[in-house]
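Please look through the structure shown here before reading on.

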Amino acid sequence: MNYVDPHIHMVSRVTDDYEALARMGCVAVSEPAFWAGFDRRSADGFRDYFRQITEVEPRRAAGYGIAHYSWLCINAKEAEDVKLAREVIAAIPEFLSASNVLGIGEIGLNKNTRNEATVFLEQVELAVRHNETILIHTPHLADKLRGTRMILDMLADFPALDRGRVVIDHVEEHTIRPALDAGYWAGMTLYPVTKCSPERACDLVERYGTERLLVNSAGDWGPSRPAAVPDFIVAMRARGHAEELIERMVLHNPLELFSRCRRYVPPPRIGNPLQRTTSS
Amino acid sequence: MTRALSDQRFLAIRSLVVELSAAFDRVERHAAEESVELDDDIRWRLLAEAVARLAAGPGRVEAVQELFSDAYEPAWRQTGGPELFGSPGCCGR
């Protein structure tokens, strides 16, 4: 089955992973800007990173027939340094015209601090000013419920924001409902220990349906499985779910979200499956 | 055989329960060997409470997730701001 991984950090993965993903049916990935495992010391460090995810990774992915999209921001962890964060935010517009950029992300909260909230709000303002889609990271463990609710509170300050162009990512059982009820997309991240498992993601699809719901691996430099989306496909099939429903989750939904970015060009290998579905 | 409790699903859940049981025994055994008082550890008390919530019926996963979560204060912006909500540094962070 063709699929998209809408959240994966390919800068942290070896080229063999691109090949493995291609063999499993991956036609596109999207790569949010994130914490690289260490704090960068200057805005120029971020400029180099933005070049990597707007120029280098798309070329690497194309070698395996995979379309590569990206999102730009300063992540919540490094946002604790507000001065640096503001320098990075000022640099982001230099890269917003890159053809593979889908929007601003993954912004959000990490430890739910005042500085994180300040930088989060300033990046939402940046996205609104440039009419960009937004991908939002929610905290990992005990912070998740509180942080998710704080993020939703802050987003409510932007009544003109198109909720259908915003993803609340890393939802779990206790945070999915407020995200969906408010009209946002919700992303389920399949991780080996924290976040969601494939079986729990299937549970959430069965309970909440497929509308505005995404599934991703968030594969990165830590314990993670770049093949987590195929794991979800297998788990859904084992429960007897229809191929069409599974395909909506892993292919049509992410592409529908991506298409809300004005720069979006469909993955070359498959064109626009949404259009084919509509006309058939 | 229904999908609700197929043999495959029974074996998967059985495995999880056996692993959980062994993990609790393991922690207690090592605590005894190291003379550690587990009841003083908030993480152990949370785990014990989580297991108790498994017997509560439907809604278990939300109940367990909320147990492992810091409380959300809707008026957080009026009560001093998010610096109050920094991590206390326990529970796996």
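The text below describes ring pairs and then a charged patch in this predicted model.

**Aromatic pairs**

Over all chains, the count comes to 8 aromatic pairs. In one of them, A:Tyr69 and A:Tyr264, the planes stand at 35° to each other, so the pair is tilted. A:Tyr69 belongs to strand 3 (residues 67-72) of chain A, while A:Tyr264 sits in the loop between helix 9 (243-258) and helix 10 (273-279) of chain A. The two are 195 residues apart, and the pair links distant parts of the chain.

In chain B, B:Phe24 and B:Trp44 also form an aromatic pair that is tilted. B:Phe24 lies in helix 1 and B:Trp44 in helix 2 (residues 42-53) of chain B, so this pair ties together parts that are 20 residues apart in sequence.

| Pair | Centre to centre | Angle between planes |
|---|---|---|
| A:Tyr69 and A:Tyr264 | 5.7 Å | 35° |
| B:Phe24 and B:Trp44 | 5.1 Å | 45° |

Are these residues buried or exposed? A:Tyr69 counts as buried because its relative accessibility is 5%, and A:Tyr264 counts as buried at 16%. B:Phe24 is buried at 18% relative accessibility, and B:Trp44 is buried with a relative accessible area of 10%.

Ring pairs also link A:Phe46, A:Tyr49, A:Phe50 and A:Phe95 into a cluster.

**Surface charge**

On the surface, a patch of negative charge is formed by B:Asp25, B:Glu28, B:Glu37, B:Asp39 and B:Asp40. One of these residues, B:Glu28, is found in helix 1 (residues 7-33) of chain B. B:Glu28 has 44% relative accessibility and therefore counts as partly exposed.

Definitions and conventions: Residues are numbered from 1 along each chain as its sequence is written. Chains are lettered from A and ligands numbered from 1 in the order in which they are written. This is a predicted model: local features need pLDDT of at least 70, side-chain atom pairs count only at pLDDT 80 or more; totals for chains, interfaces and linings use all residues. Side-chain values use heavy atoms; hydrogens and water are left out. Patches are made of residues with over 30% relative accessible area and no salt bridge: like charges are joined within 9 Å, nonpolar side chains (Val, Leu, Ile, Met, Phe, Trp, Tyr) within 5 Å. Accessible areas come from the Shrake-Rupley method with a 1.4 Å probe; for residues, only the protein chains shown count as cover. A salt bridge is a side-chain nitrogen of Lys or Arg within 4 Å of a carboxyl oxygen of Asp or Glu. Lys and Arg count as positive and Asp and Glu as negative; His and the chain ends are not counted. The place of a charge is taken as NZ of Lys, CZ of Arg, CG of Asp or CD of Glu. Helices (H or I, at least four residues) and strands (E, at least two) are DSSP runs, numbered from the N terminus. Buried means under 20% relative accessible area, exposed over 50%, partly exposed in between (1.4 Å probe, protein chains only). Rings of Phe, Tyr and Trp (its six-membered ring) pair if their centres lie within 6.5 Å; planes under 30 degrees apart count as stacked, over 60 as edge-to-face and the rest as tilted.
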